[in-house]
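Here is a short report on one protein model. Look at the structure first, then read on.

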Amino acid sequence: MPAATTDDSRRYRPDPTVLTALKSPRLLTREVLAGLVVGLALIPEAIAFSIIAGVDPKVGLFSAFIMATSIAILGGRPAMISAATGAVALVIAPVAREHGMDMFIATVILAGVFQILLAVCGVAKLIRFIPRSVMVGFVNALSILVFAAQVPHVIGVPWMVYPLLALAVIVLVLMPKWTKIIPAPLVTIVVVTGIAVAFALDVPTVSDQGELPRSLPSLSIPHVPLTWETLRTIAPYSLAMALVGLMESLMTAKLVDEITDTHSNKTRESWGQGAANMISGLFGGMGGCAMIGQTMINVRASGARTRISTFMAGAFLLLLVVALGDIVGMIPMVALAAIMMMVCVDTFDWHSIRPKTLRTLPKSETFVMVATVAVVVATGNLAIGVVIGVFIASVLFVRRVAHFVTVERTVTDDAAPADDAGVSDPTGTEAVAHYAVRGELFFASSNDLTTQFHYTHDPGLVVIDMSEAHVWDASSVAALDAIVTKYEALGTRVELIGMNAYTESLHARLSGGLG
């Protein structure tokens, strides 16, 4: 047991570590500046998601601060950004509208409790069952949704927005080719804001999105009656929030694992998300989960790799909105929109839609990817899209595997094979029908197993060789029982041979007791 624990600690050991970054001025600068960029990018998003949830903008801003700083310490995926998100806002929006803020906050806290319970139950391990095609669809759909969310900031706006947009894109593209010491998104924000202020350009700014808070968040216990009626009211919303938040967080963590070529502790991330949501609720926040857009800014655009960047993102967010709100309010929205758009373009898996890829990949995998994208974009709900994608992939997999079972028949005796009518050798030697079953037998593949035997044409002894087959479930045992029963009704003896240990144990336990 201790050896396994040691292996896990090595597997999940971050590279570089926080201590390494603290000892290296270059790495520490990168992490801090990445946090500053993400903190700036979180502000308009948090305000927008507060509006979606039907609560005051400060609720989303405080939630973003608390989620980011909490998950930096509690989470299992270094450098991933968690804050208030649109997916969570959509799920719990009806609570604030129909039951008030106290019930809304109670819903967030209970969602955190559910996430911790789900983590204890090992729900994080289910991420391994999500196929690559669904993962690609998830990434592509999120890229489309986040990109679409930026479009209102560049459509129907003053004409000066477009030169600023072009300038922002140029800086974002060329800056990394010159130097990566200073994150390109930060340079973009400074340059675009400086030009807008210097020339007094009338363009939409962060301050136009909503009023920024002027005080720190404070501990607040929701005043709700502790009754079954309260639980019955908020539990469905809390469970939905918990599931959506965990799904988005775990899939984003898996994406960051692939980008950084490192492993992360998904179970710790699950209960860390739950604890962060509980803390967020206790301080009047709306909760949230991992944010793929801001995470990509942090990991891909800024090169961050440690928990320092995540913590600093939350810390800078609070500092910026409370102490420097007037300055932050002057940032043109086009600068932040350009950053998010370029991140989306970079995040989208363009390889998945190239003609060569579409010709090479099995059509079923392409269909699953497209279906996942279509459902997520149509519903705006990541959980629904991923669940449907996994369901379609599972159905297609089962359909494909169901045809891998083969049954080969031979009829022999000591002299000559019996004919098709099952006539035995005239010398009196007993003819034997041998059936070799090959493949994985489960509910899908065993349904037509009974149709592959020649009951009335077989001799008095039938041997079914299972040495190259594996029985997985009761449906397959029932199918074998049905075959034996049909033969016995015809007066034919049946022998089952070659079962492996698991198949023999399952067959012995269930045979004859399935009706």
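## Ground rules

This is a predicted model, in which local features need pLDDT of at least 70, side-chain atom pairs count only at pLDDT 80 or more, and totals for chains, interfaces and linings use all residues. Residues are numbered from 1 along each chain as its sequence is written, and side-chain values use heavy atoms, with hydrogens and water left out.

## Confidence

pLDDT is the predictor's confidence in each residue, from 0 to 100. The protein chain has a mean pLDDT of 87. In total, 94% of its residues reach 70 or more. Helix α11 (residues 266-282) has the highest confidence, at a mean of 96. Helix α1 (residues 2-11) has the lowest, at 55. Helices (H or I, at least four residues) and strands (E, at least two) are DSSP runs, numbered from the N terminus.

Over residues 414-418 the pLDDT is below 50. Beyond near neighbours in sequence, this stretch has eight contacts in the model. A contact means heavy atoms within 4.5 Å. Residues 423-427 also stay under 50, with five contacts beyond four places in sequence.

## Helix α6

Helix α6 (residues 101-120) has 20 residues. From first C-alpha to last, α6 reaches 29 Å, close to the 28 Å expected at 1.5 Å a residue. The expected span is 1.5 Å times one less than the number of residues. Just after α6, G122 takes a positive phi of about 85°.

## The sheet and its helices

Four strands form an open sheet in the order β3-β4-β5-β6, with mixed pairing. Two strands pair if DSSP finds at least two bridges between them. At the edges are β3 (406-412) and β6 (493-497), each pairing on one side only. The twist averages 20° from one strand to the next. Strand β5 (residues 461-471) pairs with β6 in the parallel sense over five bridges. Here V462 stands opposite V494 in β6.

Helix α19 (residues 474-489) lies across β4 (432-441), β5 and β6. Its direction is at about 175° to β5. Axes are lines fitted to C-alpha atoms, for helices over the stretch in contact, and angles run from 0 to 180 degrees between N-to-C directions. Helix α20 (residues 501-510) packs on the sheet too, touching β5 and β6. Its direction makes about 115° with that of β5.

## Helices α10 and α11

How do the axes of α10 (residues 228-260) and α11 cross, and within what distance do they come? They come within 10 Å and cross at roughly 135°. That makes α10 oblique to α11, because angles under 35 degrees count as roughly parallel, over 145 as roughly antiparallel, 65 to 115 as roughly perpendicular and the rest as oblique.

Residues of α10, including M241, L246 and D257, meet K266, S270, Q273 and N277 in α11.
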